Amino acid sequence: MTASAATSPEASKSASEAKPSNSELDAPLFYQLLVGELELSTGQAGVAYQVLLDAARRTKDEELFKRVVNIALQARAGDQALSAARSWRESLPASLPAQQMTIQLLALLNRPAEAVEPLRALLALNPPDLRGSVLAGLPRLFQRAAEPQRVLASFEPLLQSASQQPETRLAAQVVLARLAMAAGDKARALSISQNLARQFPEGDDSLQLALELMPDQPEAERLIEARLQITPDDHKLRLAYGRALARAQRPSDAAREFRAVTLKNPDQLTAWFALGTLELELRQPEAAESALLEYLRRLEASSAEAQEEQAETHLEARQQSWLMLAQAAEQRGDLKAAEAWLIKVDSPQRRFEAQYRRASLMARQGRLPEARKLLQDLPEDSPEATRAKLMAESQLLRDRREWQLAYEVLARATARLPNETDLIYEQSMMAEKLGRLDEMETLLKRVIALKADHHHAYNALGYSLADRNIRLEEARGLIAKALSLVPSEPFIMDSMGWVEFRLGNKEEAQRLLRLAFEARPDAEIAAHLGEVLWASDKQDEARRVWAEGMRRDPKNEALLDTLKRLKVKL
């Protein structure tokens with residue numbers, strides 16, 4: 001039997017069906033693509049773009065359209081890239097990538113109004129259960145928009161419509177709130193967040209918005225507090241709330257939240273570390289040590305099971321903890337224990353901080369020249385290192401009340417780095433200590449000229465005027481500007497309370513100073529609040545406030561001066 005005779009009709013039919021179909025890449029198209037790629041390889045991107053775009057339109061090939069858009073983007077020709085993307089949409093109206101690319105390019109070109117229609121088309125092309133995630137990406141796309149108010153106005157009608165649909169109700173309102181925040185309309189963002197909390201009482205989106213709104217909209221905090229009352233063991237939310245409070249410069253309140261987590265969920269490492277950091281900031285060294293030692297104990301236990309990639313993170317965490325334990329021991333006056341913790345620190349990344357703490361210990365032991373040399377010998381391998389080194393030496397001298405020496409270090413530093421606003425600011429503070437008040441004012445105004453949002457400079461200048469009881473309206477304006485940059489910052493609120501006191505507004509002064517002291521029970525704030533209470537015939541409360549300040553920082557200069565001036569003995 002021959003091979004040909006063995007081939008059945010069915011086999012012949014199968015073989016025929018298996019033949020490859022003719023490719024759409026005919027000779028003219030092949031030549032067109034070849035010309036386009038050759039033009040691109042010789043640097044003629046514009047010609048290549050035109051040739052390949054024509055081929056993409058003729059073939060309606062998705063990959064070819066994508067190639068043309070990328071050619072235009074690589075040539076930094078945004079309008080041509082958008083034109084190609086629009087041709088892509090027209091040729092393939094059901095293409096998801098075409099709609100997505102058009103929206104992305106319009107965001108890049110800051111043309112939000114033109115992105116509404118392709119976004120509407122993209123929503124229609126997606127199944128209902130995916131439309132919410134399509135909307136969710138909108139704020140990120142337009143986060144760098146030059147006119148965020150225009151972005152909000154462009155998308156608001158579409159988002160209002162989407163908020164009426166069950167599948168996009170939540171996402172549309174969240175996006176609307178985020179666009180309102182970006183546009184500076186924080187009050188509206190808060191209102192939307194409150195509505196979301198009512199509509200979705202178990203959802204987290206309203207809480208995330210509230211956490212972000214807290215610095216500018218105090219009422220947002222009520223949403224978080226209300227949820228924590230219902231679900232007090234929501235440790236994830238409590239940790240996020242604690243971090244938000246810490247960012248808002250409310251260490252006492254933040255410590256309260258982290259402490260609550262450690263009591264209910266002691267395996268939460270983050271809470272122990274954060275609590276130790278905050279207690280240290282609050283000058284509670286024993287509490288800081290307790291939290292940090294517990295953190296290290298639990299970290300060691302978890303390190304035994306840690307993956308290799310976590311080992312380095314754990315090592316860095318230990319180094320940071322040792323540094324903070326050294327600082328806590330120093331606050332307690334146990335210099336030997338502080339040195340023992342510092343000896344353990346051997347990380348190159350922590351070398352500078354460890355050396356500064358060693359220098360601080362030397363200075364406290366009366367070895368100031370040695371301490372300064374230790375810092376002066378640190379390498380200056382970058383402008384940042386130079387700046388940090390000079391700041392450290394001046395701080396060392398400041399801590400030892402060597403105002404003149406600190407001023408000289410900073411004067412040399414600002415001569416070397418004339419535009420470093422933090423160095424100029426510190427020099428102004430030393431000028432004040434030396435009684436050079438005109439120079440201090442000049443330096444602070446120079447800081448503001450270099451960095452218009454340097455809230456410390458506005459606050460320092462305003463407070464200096466208020467403390468000297470001169471130009472009080474100007475002082476109030478400067479401090480108000482500082483508060484507008486960092487709302488609810490306790491030390492700036494303290495300054496505003498002090499200027500209100502100087503202006504004779506005792507009730508408002510008490511209100512502000514109480515808020516500041518509750519958020520941060522610092523000895524200097526205690527000095528001011530106590531004096532206002534004393535002047536308001538509330539001597540018993542004033543004594544309690546001063547006693548708390550003394551307990552936290554018995555050597556605080558402002559508090560001691562206040563007690564001496566008012567002839568008060570605690």
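In which kind of crossing, left-handed or right-handed, does helix 5 pass helix 6? In this predicted model, the crossing of helix 5 with helix 6 is left-handed. Helix 30 also passes helix 32 in a left-handed crossing.

| Helix pair | Residues | Angle | Axis separation |
|---|---|---|---|
| Helix 5 and helix 6 | 62–74 and 78–91 | about 165° | 8 Å |
| Helix 30 and helix 32 | 490–502 and 523–535 | about 30° | 10 Å |

Angles over 145 degrees count as roughly antiparallel, so helix 5 and helix 6 are roughly antiparallel to each other. On the helix 5 side, the contact is made by Glu62, Phe65, Lys66, Val68, Val69, Ala72 and Leu73. Helix 6 contributes Gln80, Ala81, Ala84, Ala85, Ser87, Trp88 and Ser91. By class, the residues of this contact are nine nonpolar, three polar and two charged.

For the second pair, the angle of about 30° makes helix 30 roughly parallel to helix 32. Here Pro490, Phe491, Asp494, Trp498 and Phe501 of helix 30 meet Ile525, His528, Glu531, Val532 and Ala535 of helix 32. Seven residues of the contact between helix 30 and helix 32 are nonpolar, one is polar and two are charged.

The structure also holds one cavity of 30 Å³ or more. The volume of the largest cavity is about 30 Å³. Its lining consists of Leu170, Leu196, Phe200, Gly203, Asp204, Asp205 and Ser206. Three of these lining residues are nonpolar, two are polar and two are charged.

Terms used:
Residues numbered from 1 in each chain as written. Predicted model: local features only at pLDDT ≥ 70, side-chain atom pairs only at ≥ 80, totals over all residues. Heavy atoms only, no water. 1 Å grid on protein atoms, 1.4 Å probe; cavity = no way out; pocket = protein on both sides within 12 Å on 5 of 7 lines; lining within 4 Å. Points joined across faces, edges and corners; volume = space filled by probe spheres on them. Nonpolar A, V, L, I, M, F, W, Y, C, P; charged D, E, K, R; others polar. Axes fitted to C-alpha atoms, helices over the stretch in contact; angles between N-to-C directions. Helix = DSSP H or I, 4+ residues; strand = E, 2+ residues; numbered from the N terminus. Parallel < 35°, antiparallel > 145°, perpendicular 65-115°, else oblique. Left-handed = near helix turned anticlockwise from the far one by under 90°. Contact = heavy atoms within 4.5 Å.
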